[in-house]
Amino acid sequence: MSEDRLSRVFAALADPTRRDMVARLAVGDATVGQLAHPYQMSMQAISKHLKVLEDAGLVTRSRDAQRRPCHLEAEVFDLMTKWIERYRQQAEERFSRLDAVLAAMADEEPAAKTKRKGAAS
Amino acid sequence: MSINHRTVIEADPNLPTVRVIRDFDAPPERVFRAWIDPELIVQWLGPKDTTMRIDAWEAKTGGGYRYAVERDGEEIAAFYGSFHEVRSASRLVQTFTYEGAPDGVSLDTMTFEEIEPGRTRVTALSVVDTMEGRDAIIASGMESGVVEGYEKLDALLEH
């Protein structure tokens with residue numbers, strides 16, 4: 001389920017208009033009309049984009065107020081950042097081991113082959 | 001610079017790609033060798049607390065490979081692919097399939113660039129055919145298994 005959620009978030013953000021909408025909502029809540037304003041798009045098209053953002057859990061809309069302002073759920077971003085960070089940490093773990101392997105290889109290479117300055121010959 | 005932040009990951013929002021960038025304190029020839037020599041790669045490629053068992057490994061242009069990852073003597077995952085191009089000390093192009101998802105294939109291009117004498121930047125670009133496939137690669141951290149991180153993520157997902 002969590003992987004599905006991640007995929008939805010990535011897919012939702014794959015579109016430049018939706019990324020722009022998210023960037024604007026990061027500044028503050030906005031109504032659909034306010035969100036639609038800068039784009040040469042029908043309200044219907046904007047609503048479609050919003051629906052994708054809502055389905056991904058990135059945006060919520062209050063049910064009570066008549067204006068139903070859109071609100072960015074920043075924690076979902078934290079989640080995505082965490083997934084990527086996790087992936088990065090695993091890569092780093094691997095590469096730290098590679099660092100050790102490379103260091104051991106350097107020790108095994110004959111001194112004549114190492115071109116390091118100041119190395120004892 | 002913190003040692004923990006040496007690896008850079010770029011997941012393009014518009015393309016099904018992942019780029020991993022890392023600098024190493026060794027010349028390209030040596031880093032490249034650690035990537036293609038089966039005796040060396042088993043020492044670092046697999047996830048923590050696992051053993052990498054190589055079943056086939058022909059690191060030359062047009063060659064192929066297969067390896068399995070074992071934990072406590074049990075196979076937990078296996079991978080295979082081709083060495084599309086092995087260009088000594090500068091470029092390595094491989095296909096990569098996780099046998100648990102046999103329809104998926106990643107095209108991985110590793111470039112080895114000497115950024116200063118004795119220092120090498122490796123850029124590994126993985127390209128797959130769908131955004132979902134790319135996200136699955138990033139989410140694969142879930143399976144390859146560092147348990148302590150798991151718990152933190154689980155707690156976060158429960159919110």
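Mentor: Happy to. Chain B has 159 residues, and 21% of them count as buried; a residue is buried if 20 or more other C-beta atoms lie within 10 Å of its own, exposed if 12 or fewer, and partly exposed in between, with C-beta atoms placed from the backbone. Keep in mind that this is a predicted model, in which local features need pLDDT of at least 70 and side-chain atom pairs count only at pLDDT 80 or more, while totals for chains, interfaces and linings use all residues. Residues are numbered from 1 along each chain as its sequence is written, and chains are lettered from A and ligands numbered from 1 in the order in which they are written.

Let's start with the layout. Chain B contains 5 helices and 8 strands, in the order β-β-α-α-β-β-β-β-β-β-α-α-α. Helices (H or I, at least four residues) and strands (E, at least two) are DSSP runs, numbered from the N terminus. Of the contacts in chain B with a separation of 6 or more, 35% join residues 24 or more positions apart; two residues are in contact if their C-beta atoms, placed from the backbone, lie within 7 Å.

The mean pLDDT of chain B, the predictor's confidence in each residue from 0 to 100, is 84, and 85% of the residues score at least 70. For the model as a whole, ipTM is 0.79 and pTM is 0.69.

Now to the partner. The contact between the chains takes 35 residues from chain B and 31 residues from chain A. On the chain B side, the elements that give two or more residues are β1 (8-11), β2 (17-24), α1 (28-36), α3 (131-139), α4 (141-144) and α5 (147-157). The largest share of that side, 6 residues, belongs to α3(B). By class, the side has 20 nonpolar, 9 polar and 6 charged residues; Ala, Val, Leu, Ile, Met, Phe, Trp, Tyr, Cys and Pro count as nonpolar, Asp, Glu, Lys and Arg as charged, and the others, Gly among them, as polar.

Of these elements, α1(B) is worth a zoom. In this helix, 7 of the 9 residues are buried: B:Pro28, B:Arg30, B:Val31, B:Phe32, B:Ala34, B:Trp35 and B:Ile36. Its axis and that of helix α5(A) (residues 74-108) come within 10 Å and cross at roughly 120 degrees; axes are lines fitted to C-alpha atoms, for helices over the stretch in contact, and angles run from 0 to 180 degrees between N-to-C directions. The crossing is right-handed, a crossing being left-handed if the near helix is turned anticlockwise from the far one by less than a right angle, and right-handed if clockwise. Here B:Arg30, B:Val31 and B:Ala34 meet A:Leu98, A:Val101, A:Leu102 and A:Met105 of α5(A). The residues of this contact divide into 6 nonpolar, no polar and 1 charged.

What about the nonpolar cores, sets of buried Ala, Val, Leu, Ile, Met, Phe, Trp, Tyr and Cys residues joined through C-beta atoms within 7 Å? In the largest, of 28 residues, A:Val9, A:Leu53, A:Leu58, A:Val59 and B:Ile138 touch the most other members. From chain B, β2 and α3 each give two or more residues to this core. Another core, of 14 residues, lies apart from it and includes A:Leu102, B:Phe24, B:Ile41 and B:Phe112.

Finally, two backbone details. Most residues other than glycine have a negative phi. B:Asp72, in the loop between β4 (63-71) and β5 (74-87) of chain B, has a positive phi near 50 degrees, and this residue counts as exposed because it has 8 C-beta neighbours inside 10 Å. B:Ala89, in the loop between β5 and β6 (91-98) of chain B, has a positive phi near 65 degrees; with 17 other C-beta atoms within 10 Å, B:Ala89 is partly exposed.

Technical notes:
Core = buried A, V, L, I, M, F, W, Y, C linked by C-beta atoms within 7 Å.
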